Amino acid sequence: MDLRGNNHYLKIYNATNSKSITKRYVMKKSALKQIAMQRVKILIDRALYSRDEFSDHHIVIAKKIILKYKLKIPFEYKLLFCKQCKKFIIPGRDSIIRIGRSNTKALRITCKLCGHTYRKIIEKPNQT
Ligand SMILES: [Zn+2]
C-alpha cells in the first residue's frame, strides 16, 4: 500500500475548501421512478408466471417499492390486487373476472380469498 500517496491527497483536500469538494450527485426523481417502476413490473411478472414459493415474497417487495416511490401502477396491475383484503390475486386462480351487464362498462372482479366483489370501470360512458 502506498501510504505516502494517500497523505499527499489528504493535504490537498485539507488545503482547499472542503465544502466545494463534497458535492452530492442526486438522481432526478423521474429517473428514479422509472427504474422503480421497471423493478415492480419485473417482480409482478415473475410472481404471475412462475408460481413458486418466492412469488409471495416478490409481491411484498413490489408493494414496498410502490409505497416508497409513490408509483402510479397501471390498470393491468391494479386488477391483480384485491380491493378489500389487499392480497395478490391471480386471475383465473384466485379471482373471477366478468364483464358487467349494466350500461357502464365495468369489470366485476370477485376475490376468491375473501369473497369480495368490486367493479372496475373500463371506459367513461359516451354522451351521444
Ligand atoms: Zn380479497
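Here is a walk through this protein chain, from its overall layout to its core and its hairpin. Keep in mind that the model is predicted.

Let's begin with the layout. The protein chain holds five helices and three strands. The chain has 128 residues, and 10% of them count as buried. Now think about contacts between residues at least 6 apart in sequence: 38% of these join residues at least 24 apart.

Next, find helix α4, which covers residues 55–69. You can check its length yourself. With 15 residues at 1.5 Å a residue, α4 should span 21 Å, and because its end C-alpha atoms are 21 Å apart, the expectation agrees with the model. Which residues of α4 are buried? They are H58, I59, A62 and I66. Looking down the axis of α4, you would see these buried residues fall within an arc of 95 degrees, so they line one face of the helix. On the face of α4 turned away from the buried side sit exposed residues: D56, H57, V60, K64, L67 and K68. And what do the buried residues of α4 pack against? Their partner is α3, residues 29–49. Just after α4 ends, K70 takes a positive phi of about 50 degrees.

Ten residues make it up: V40, L43, I44, A47, I59, A62, I66, C82, F88 and I89. Both α3 and α4 supply at least two residues each to this core, and α3 gives the most, with four residues. For a closer look, pick I44: leaving aside residues up to four places away in sequence, I44 touches A62, Y77 and L80.

Finally, move along to the strands. Strand β1 (residues 95–99) and strand β2 (residues 106–111) run antiparallel and are joined by five bridges. Together β1 and β2 form a hairpin, with six residues between the two strands. As you trace them, remember that in a regular strand the side chains alternate between the two faces of the sheet.

Notes. Residues numbered from 1 in each chain as written. Predicted model: local features only at pLDDT ≥ 70, side-chain atom pairs only at ≥ 80, totals over all residues. Buried ≥ 20, exposed ≤ 12 C-beta atoms within 10 Å, placed from the backbone. Contact = placed C-beta atoms within 7 Å. Pairing = 2+ DSSP bridges. Expected span 1.5 Å × (residues − 1). Arc of directions from axis to C-beta. Core = buried A, V, L, I, M, F, W, Y, C linked by C-beta atoms within 7 Å.
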